[in-house]
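Here are my notes for your first look at this structure. Keep the viewer open and check each point as you read.

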Amino acid sequence: MSADSTFTLPEAAAPLPDGALGKIPSTVSQALILSRYQFRDYLRSRRFILMMGIFLAAGAIITTVVAYYRPSGLIDNANDLYGGLWGGGALFVIVFAGIIFGGDAIAGEFQNKTGYFLMGLPIKRTTVYAGKYLAALAASIVSLLVYLIIVTGNAVYYLGAGAFSVPGPLIESFALTLLYLLALLGFVFLFSSLFKTSAYAVLVVAVLFLFGFSIIQTVVIDLAHTEPWFLLSYVNAINAYPLTGVPGHIVTTRNPFTRATITTYNPTYLEGIIVMAGYWLLTTIGGLFLFEREEFT
Amino acid sequence: MAPSIEAVELTKRFGSFTALDHLNLKVDGAKCVGFLGPNGAGKTTTLKMFTDLIFPSEGEAFINGISVQNDRKRALEVCGDLIETPEIYPSLTPREAFQMSGALRGMRSDEIASRTKTVLEEVKMTEWIDQKLGSFSKGMKQRVNIAAALLSDPEVVILDEPSTGLDPRGMAEVRTIVRGLKKGHRLIFMSSHILSEVVDVCDEVALLDRGKLLFADSLSNVTQRLGGAVRAVEAEFVSPLDETVLVAQIGAFPEVAAWSRTSPQRITLQVKGGSVEQARLLERLAAMKLGLLSFRESRSALEEVYLREISVGDGA
């Protein structure tokens, strides 16, 4: 019998039940459903509890240090306090949250075999990607809000009602921080789609964001004498501008002793927004492209 | 329209290795079809392409006439599947996992609740409904996976070695579940290398070896393929069998092509012909009043065909 032959097995046909087809929710609804359960999974995970523990410990250390030294430039007004504690701190929170929630989001589906359960359902791969992205975004925002509460607690302690005197700039800063979060998660998801092993994905992203980009930034500025406008870790500084004011784009100073020229680069608002949005768009497209082609072998 | 699955020129290559070679197979109607083959034959590869977990190098897979590769969402709408041993998010409970799965399939909340109860009862996991899946053993997870595949009461059920990881009792329960599924208007396509399981629950079989389909037929037709072949039966007696009786009488029966003694009380007889000849031989042995304790085929008809077809493929 030839293997290329077509075999049709004989048996009586039975009708399908009425209304059996055409009831699957839309892609958007499915993404929201999936993100809800994935978010629940994140909230119950040990890593979430661990991360919250780290943030609370970090918050306690910051509070103690500020209380001990009482730096006048920091605790005098709301702009300085939020600019100092929230501006830079939130970026670290995002990096940690992004790595923890996004690092294995896609790679874990392959490694832990949860993808075999999920992908057997009538759901597009794009929907799975979007649902998991939304869940990681939500979990990261929760982390960000916890940090904001810690910072606000400090502000209330030092400034009393004055802690709430900068709602506009703080909201603007939060929005820019969110844009950075979107871009970072896009980047993290891209790497998560690239690997089938969670540890590789988490490690590569952690090394890049905790050390790699900083080293590249230093090399570009000091050796190439060029503005590193293309680096996410450079443009993310705009999140503090609504609170601290916009510094000069390119600032050149001369060392009074060595008479050497030092150039400091600061991203502009437009530069930062365009680059972060670009990262978000391109890495999301790239990650989706990879996930659509990845096989559960 | 009857539930159906169809592979058209379905081919999968991993580098230079061809795991599945131009498979053409159409199965339709309410029945259970066993997908047989040795390890590495391409069974799981085929089922993964039917569920879009991997992509064909050539060809297409269809469920109810809808291409899985072109429209996985619509194609898998009527399908419940279990491929390998999937994991469900460990911090979720079966109830929550089924709520998610049901919601993604568009089932109503009351429908999900009712079906969750039914399918978990079927796999005897009701008491674990609110326990986190992360604490379950492999066997328990496999039961939940089977229940998850049946949640939407699908018309097409694709099962990849569903007994994997289960203890003998669990395996027997899976067979009961699959037999129960056959009562509905449902097509079950089940891969297995446990031939007794296939004989027990399947109506038809397709045999795959080295990526090629060797045959697909009903179980009765497969048995008929043995027409004219010699089949082995084992007979056991309460006391040691006298050599003279064995040589002069039993060995001389027209149905016996050859014999061998496996122990003082047990012999293996090569029987010429099929079931009729076997029955006649049994009558003769019983009439001799030698204390016949048991009389059974040493291998099932399916096993004979399986081994014969696979060995042909080996060039034996």
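**Notes on the two chains**

1. Start with helix 9 of chain A. This is a predicted model, and in it the buried residues of helix 9 of chain A pack against helix 4 (78-102), helix 5 (107-111) and helix 8 (167-194) of chain A. Which residues are these? They are A:Ala201, A:Val202, A:Val205, A:Leu208 and A:Phe209. Find them in the viewer before you move on.

2. Now check the length of that helix. Helix 9 of chain A covers residues 198-222, which is 25 residues.

3. Where does helix 9 of chain A bend? The bend is at A:Leu208, and it is about 50 degrees. A:Leu208 is also one of the buried residues of this helix.

4. A:Leu145 sits in helix 7 of chain A, which runs over residues 125-159. Is A:Leu145 buried or exposed? A:Leu145 counts as exposed, because it has 12 C-beta neighbours inside 10 Å; the cut-off for exposed is 12 or fewer. A:Phe174 is 29 residues away from A:Leu145 along the chain, yet their C-alpha atoms are separated by 9.7 Å.

5. Mind the confidence in chain A. The average pLDDT is 87, and 93% of the residues score at least 70. Helix 12 of chain A (residues 269-293) has the highest mean, at 96. Strand 1 of chain A (residues 7-8) has the lowest, at 50. Residues 1-6 of chain A fall below 50, and this stretch has eleven contacts in the model beyond near neighbours in sequence. Residues 8-22 of chain A are also below 50, with 23 such contacts.

6. Turn to chain B. Its secondary structure comes to eleven helices and 14 strands. The C-alpha trace spans about 75 × 45 × 35 Å along its principal axes. Of the 316 residues in chain B, 43% are buried. Take the contacts in chain B between residues at least 6 apart in sequence: 70% of them join residues at least 24 apart.

7. Chain B has two assigned domains. Domain 1 covers 4-224 and domain 2 covers 230-313. The centres of domain 1 and domain 2 of chain B, taken over C-alpha atoms, are 38 Å apart. In contact are 15 residues of domain 1 of chain B and nine residues of domain 2 of chain B. On the domain 1 side, helix 7 of chain B gives the most, with four residues. That side divides into eleven nonpolar, two polar and two charged residues.

8. Finish where the chains meet. How many residues of chain B are in contact with chain A? There are 50, and they touch 40 residues of chain A. The elements of chain B that give two or more residues to this side are strand 2 (17-28), strand 3 (31-36), helix 2 (72-75), helix 3 (94-104) and strand 10 (212-218). Strand 2 of chain B supplies the largest share, seven residues. By class, this side of chain B has 25 nonpolar, eight polar and 17 charged residues.

Conventions. Residues numbered from 1 in each chain as written. Chains lettered and ligands numbered in written order. Predicted model: local features only at pLDDT ≥ 70, side-chain atom pairs only at ≥ 80, totals over all residues. Expected span 1.5 Å × (residues − 1). Bend = angle between axes of the 7 residues up to and from the residue. Buried ≥ 20, exposed ≤ 12 C-beta atoms within 10 Å, placed from the backbone. Contact = placed C-beta atoms within 7 Å. Nonpolar A, V, L, I, M, F, W, Y, C, P; charged D, E, K, R; others polar. Domains from an automatic or database assignment. pLDDT = per-residue confidence, 0-100.
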